[in-house]
Amino acid sequence: MSDSSTPALPARPTASVLWTSSARGGRGRARRPGQILSAIARARRTAALFGAEHPVVLETMSEAHAVITQLLANRSSLRFSIDEDAFFVENTVLLEESLQLYPMLLEMRQREIGMIELHAALELTELRSLVEVLNLPGAEVRSRGGAAGALEKLGVRHITVGPAGPPREDLNLKVDPREAYRAALQVVDELSFQASRDVPLELRKARLVLNSLMDIIAQDRVALLGVSALKNYDEDTAHHSVNVSVLSLLTGGQFELSRIAMTTLGLAALLHDIGKMRVPLDILAKAGTLTPEEQATVQRHTLYGAHILRNLPGLARLAMVVAFEHHANYDLSGYPRITAKKAPHILTRIVQVADFYDAATSSRRVYHRAMLPHEAMKFILDRAGKTFDPAVAKVFVHQLGLYPVGSVVELDTGDLGVVVGPGERDLARPVVKVLRDRAGHPLAPSALSLEMTRERWITRAVDPLDVGIDTMAALHGEEQATH
Ligand SMILES: [Fe+2]
Ligand SMILES: [Fe+2]
């Protein structure tokens with residue numbers, strides 16, 4: 001790949017802190033760390049085909065060495081790493097290189113190289129040794145004590161290689177949905193704190209948490225719904241953000257989005273309301289109706305959010321777009337007024353439905369009384385094609401069911417129960433944990449699959465507060481056999 005012929009992707013503003021003005025090349029071009037990876041990949045390919053002494057290899061390595069020398073003029077080292085399917089330099093994803101140099105990423109992974117750190121005073125011969133090691137067969141690398149051992153034997157002192165970056169355990173994440181949910185809350189708090197201090201947002205933990213959330217959803221799509229249903233109708237922005245993220249990931253999983261796009265979706269959802277931190281708390285927490293001025297102030301959280309997120313690197317910058325557009329509506333009838341006659345970004349359209357659902361089912365102020373999950377679902381379907389993207393709306397309802405997990409429902413027999421899982425095929429026939437008979441007497445809780453038991457059906461959804469049912473206890477009580 002020739003760097004100069006690569007189509008321009010959006011600039012990476014955050015990276016500018018590390019490498020812009022002082023790292024300009026002699027030809028007036030910005031030197032980018034990604035160029036180093038591209039050069040190594042090109043040299044590796046050429047050396048494998050024509051030998052390490054081929055002029056292209058020598059030339060490419062000299063170019064890469066010049067870039068490294070410039071980038072390391074003011075730093076002691078530069079760290080490339082692999083996380084999932086992406087290359088990173090420090091904490092910035094190298095989107096372009098991740099897309100184009102995937103074969104090298106796989107080769108590195110095969111040789112158990114997850115990280116390459118280049119240190120100041122790196123010599124050209126050391127760079128060539130790195131290319132040599134990258135081209136060794138995996139078995140040969142192992143016999144030399146791994147890539148690190150092989151480099152050491154070649155006398156390399158200014159390149160460190162090692163396994164993939166910090167292990168995911170460093171957040172102490174297990175696949176317990178409740179722990180992942182709590183970690184996500186913590187990440188939102190940290191990101192909000194960073195935004196309030198106006199420092200660059202540190203996305204590594206967010207990515208780790210999002211990976212865990214995606215892993216959990218892949219294993220059991222209901223598990224996190226149970227956790228996010230336990231929001232107790234609060235209006236806490238962190239809970240709301242995590243819920244919207246979970247719901248967005250669940251919906252986005254049904255569209256053909258790459259892993260990186262999914263992470264971006266989850267991240268954008270976590271950050272969609274970050275602009276609220278710039279809205280005075282007394283307005284956000286006001287119990288009564290907002291004046292038109294106050295309303296306008298609250299609506300400005302979209303602009304504030306976009307401003308806070310304007311410097312995110314690479315694809316993550318779509319979070320800015322989502323923060324800006326998430327109240328614009330599919331038909332652009334919302335705010336802020338968008339003049340371009342183009343529907344919001346697909347990630348926005350997903351986040352918007354998730355955002356509406358979570359806000360409508362929790363916010364007692366805006367909607368006087370929170371909508372029941374079932375009512376919110378009907379609202380989404382009614383407004384599909386207008387307020388909401390019709391395809392997203394359909395997928396959303398399909399994922400959660402017409403009676404989402406946590407809904408309290410009355411059956412034809414008059415029994416009351418809590419929905420603990422969606423139906424697999426029939427949206428109106430979830431799995432219900434029956435708790436009381438029609439006279440209000442408690443029953444030994446038992447889970448009833450309405451898909452399997454066709455002679456029973458739901459007559460209506462009821463407000464758990466009206467009937468005094470503790471959905472949290474019902475959802476996380478003892479497991480019952482389904483019959
Ligand atoms: Fe919002
Ligand atoms: Fe929101």
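I started with His326, which counts as buried because its relative accessibility is 1% (buried is under 20% relative accessible area, exposed over 50%, partly exposed in between, with a 1.4 Å probe and protein chains only).

Housekeeping before I go on: this is a predicted model, where local features need pLDDT of at least 70 and side-chain atom pairs pLDDT 80 or more, while totals for chains, interfaces and linings use all residues. Residues count from 1 along each chain as its sequence is written, chains are lettered from A and ligands numbered from 1 in the order written, and side-chain values use heavy atoms, leaving out hydrogens and water.

**Iron ion (ligand 1)**

I looked up what holds this ion: Asp273 (OD), His301 (NE2), His326 (NE2) and His327 (NE2) coordinate the iron ion (ligand 1) at 2.1 to 2.2 Å. Donors here are N, O and S atoms within 2.8 Å of the metal (3.2 Å for Na, K and Ca), and since water is not among the atoms, sites may look incomplete. Asp273 sits in the loop between helix 12 (259-271) and helix 13 (281-284), and His326 in the loop between helix 16 (318-325) and helix 17 (346-362), so the pair ties together parts 53 residues apart in sequence. Helices are DSSP runs of H or I with at least four residues, numbered from the N terminus.

The angles at the iron ion (ligand 1) run from 84 to 174 degrees, so I logged the arrangement as irregular.

**Iron ion (ligand 2)**

I found His240 (NE2), His272 (NE2), Asp273 (OD) and Asp355 (OD) coordinating the iron ion (ligand 2) at 2.2 Å. Its four donor atoms subtend 77 to 172 degrees, which makes this arrangement irregular. Asp273 coordinates both iron ions, and they are 3.5 Å apart. Asp355 lies in helix 17, so its pairing with Asp273 ties together parts 82 residues apart in sequence. I also checked burial: Asp273 counts as buried at 4% relative accessibility, and Asp355 is buried at 6%.

**Helix 17 against helix 18**

I followed helix 17 to helix 18 (residues 373-382): they pack at about 145 degrees, axes 9 Å apart. The axes are lines fitted to C-alpha atoms over the stretch in contact, with angles from 0 to 180 degrees between N-to-C directions. Val353, Phe356, Tyr357 and Thr361 in helix 17 meet residues of helix 18 including Phe379 and Ile380, where contact means heavy atoms within 4.5 Å.

Note on methods:
Tetrahedral: all angles 85-135°; square planar, octahedral: opposite > 155°, others 65-115°. Helix = DSSP H or I, 4+ residues; strand = E, 2+ residues; numbered from the N terminus.
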